Amino acid sequence: MKFDTIVIGGGMAGLSAALRLAEAGQKTLLMASGQSALHFSSGSIDLLDTQGDPRAALPAFMVTHPDHPYAKVGLANIAASLADLQRHCAEEGLPLYREEHNHQRITPIGTLKRTWISPATCAYVTEAPVPNSLLLATLEGFRDFHPALAAANLGAQPRFAHCRILTGEIRLPQLGEFSRNPHEFRSADIARLFDRQTGDKQPSLLADLAREITRMVRESGEPACHQLVLPACLSLGLVGPRLAELEQRTGCTLREVATMPPSLIGMRMQEALKRRFQRLGGTFLTSERVLGARYEGDKVIGVHSQNGDDQLFEAAHFVLASGSFFSRGLESRLGGIREPIFDADVLSLPERDAWAGRRLFDHHPFMGFGVKTDDKLRVLRGGKPLRNLYGAGSVLAHYDPVKEGSGSGVAVATGWQVAGHILDAAQ
């Protein structure tokens with residue numbers, strides 16, 4: 001099986017690379033080992049955790065962090081990669097919101113997280129005045145969003161000092177089927193029920209939900225409250241039309257927050273980008289974990305998966321976007337950190353005691369561990385670059401996605417950039 005490029009990893013970095021390559025006409029294969037980190041993400045894209053416009057802070061940041069992936073991509077290409085992401089998502093009916101500076105997304109526990117781009121259905125705070133009242137609601141029996149906790153934390157934010165934050169619970173008898181299996185009462189299960197029972201031929205669960213929202217607002221003691229936040233659990237697919245129908249039925253503005261995993265907002269983004277990739281002619285293989293590679297000198301000629309060494313996937317170029325420890329793109333062993341597919345050079349520290357800080361919120365050096373690359377993001381092996389293997393996303397070294405607030409921004413930018421290097425090399 002031969003391709004122009006094989007992308008290893010189905011997360012944000014892999015999809016960003018694959019989309020650009022497929023759109024340029026390359027025969028592209030994306031090999032995903034299963035669920036990506038997007039299933040556990042908010043769906044927002046963090047560029048850099050800074051007040052104001054993070055693009056203004058990036059030049060100085062790149063000067064002080066010359067080995068950072070952003071420095072290898074460049075400011076203009078970072079901007080182009082994010083614009084491309086917005087375009088692809090819009091093509092699949094998933095509009096993304098951004099301003100000329102970071103906005104603040106409301107988290108499931110009621111804190112505010114600075115971010116650059118969010119799905120338009122998310123609950124976020126802009127420069128507009130905060131409403132006089134806000135209602136945080138959940139579904140009766142749902143364990144993964146607790147309005148009282150979120151309200152307490154949100155009320156402590158200065159922006160919400162003059163906002164009355166209410167809480168409520170929606171009671172839907174149709175959800176009683178989960179009472180027999182409470183361990184299944186998760187966002188994805190509720191979304192499947194809504195998707196199954198909303199339609200012309202069946203009683204509309206959405207109509208019942210609208211009546212419950214109206215009742216809840218009426219009984220809240222603040223009948224003028226028209227701003228509601230719900231957990232993201234109303235659809236596995238694009239939820240915008242469903243929220244719009246609820247808004248029409250209730251007269252309220254509805255937004256959603258990501259819940260505990262699985263996160264439907266992140267899953268929707270992955271599915272939208274996967275659909276877009278396939279529409280562009282790309283081939284997507286899931287549950288296809290890559291285990292090793294074959295070489296000719298400093299060139300990768302093919303990779304093999306768990307299906308056997310005798311089935312070689314060959315290509316002219318390869319992208320390593322397999323993720324970090326969470327996705328098993330990096331392995332932590334007694335002898336140190338290892339990249340398991342290509343045995344690439346990895347940045348680490350020799351003493352394990354130095355890998356992590358002593359307290360949970362300390363700086364943890366292991367967050368910056370990862371695969372070493374040259375200035376074109378070609379993966380190093382034995383101190384030299386493999387000339388047709390590029391690295392992208394959280395498998396890379398020299399950045400801390402949590403401390404910097406840059407994780408998904410690096411994924412999009414590096415995935416897009418390595419695709420550009422591949423297209424240049426193919427000319």
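Modeller: Let's start with a term: a cavity is a set of grid points where a 1.4 Å probe fits but cannot get out, and its lining residues have an atom within 4 Å of a point. Please keep in mind that this is a predicted model.

Biologist: Happy to. What makes Ser16 and Trp416 part of the lining of the largest cavity?

Modeller: Lining residues need an atom within 4 Å of a cavity point, and Ser16 and Trp416 are among the residues that line the largest cavity. Leu19, Arg20, Ser81, Asp84, Leu85, His88, Leu273 and Val412 line the largest cavity too. Its volume is about 60 Å³, and a search of the whole structure finds four cavities of 30 Å³ or more.

Biologist: Which helices supply at least two residues each to that lining?

Modeller: Helix 1 (12-23), helix 4 (75-91) and helix 11 (407-426) do. Helix 4 gives the most, with four residues. By class, the lining of the largest cavity has five nonpolar, three polar and two charged residues.

Biologist: Now to a single side chain. Why is Glu404 called buried?

Modeller: Buried means under 20% relative accessible area. Glu404 has 12% relative accessibility, so Glu404 counts as buried. You will find Glu404 in helix 10 (residues 401-404).

Biologist: How do you know that the side chains of Glu404 and His68 make a polar contact?

Modeller: A polar contact needs a pair of N or O atoms within 3.5 Å, one able to donate a hydrogen and the other to accept it. The side chains of Glu404 and His68 are joined by such a contact of 2.7 Å. Another polar contact, of 2.8 Å, joins the side chains of Glu404 and Ser406.

Biologist: What else does Glu404 touch, beyond its neighbours within four places in sequence?

Modeller: Besides His68, Glu404 is in contact with Leu48, Asp49, Phe61 and Tyr399. The C-alpha atoms of Glu404 and Leu47 are separated by 8.7 Å, although these residues are 357 residues apart along the chain.

Biologist: And Ser322, why does that residue count as buried?

Modeller: The same cut-off of 20% applies. Ser322 has 14% relative accessibility, so Ser322 counts as buried. This serine lies in the loop between strand 15 (308-320) and strand 16 (331-333). Not counting residues up to four places away in sequence, Ser322 touches Ile8, Gly9, Ser327, Gly329 and Val395.

Biologist: Let's look at helix 8. How do you know that its buried residues are on the same side?

Modeller: The buried residues of helix 8 (residues 240-250) are Arg242, Leu243, Leu246 and Thr250. They cover an arc of only 95° around the axis, which puts them on the same side of helix 8. An α-helix has 3.6 residues a turn, so residues three or four places apart point the same way. On the other side of helix 8, Pro241 and Gln248 are exposed.

Biologist: What covers the buried residues of helix 8?

Modeller: The cover includes helix 6 (187-197), helix 7 (205-219) and strand 11 (253-257). Just after helix 8, Gly251 takes a positive phi of about 75°.

Conventions. Residues numbered from 1 in each chain as written. Predicted model: local features only at pLDDT ≥ 70, side-chain atom pairs only at ≥ 80, totals over all residues. Heavy atoms only, no water. Buried < 20%, exposed > 50% of the residue type's maximum accessible area, 1.4 Å probe, protein only. Arc of directions from axis to C-beta. Contact = heavy atoms within 4.5 Å. 1 Å grid on protein atoms, 1.4 Å probe; cavity = no way out; pocket = protein on both sides within 12 Å on 5 of 7 lines; lining within 4 Å. Points joined across faces, edges and corners; volume = space filled by probe spheres on them. Nonpolar A, V, L, I, M, F, W, Y, C, P; charged D, E, K, R; others polar.
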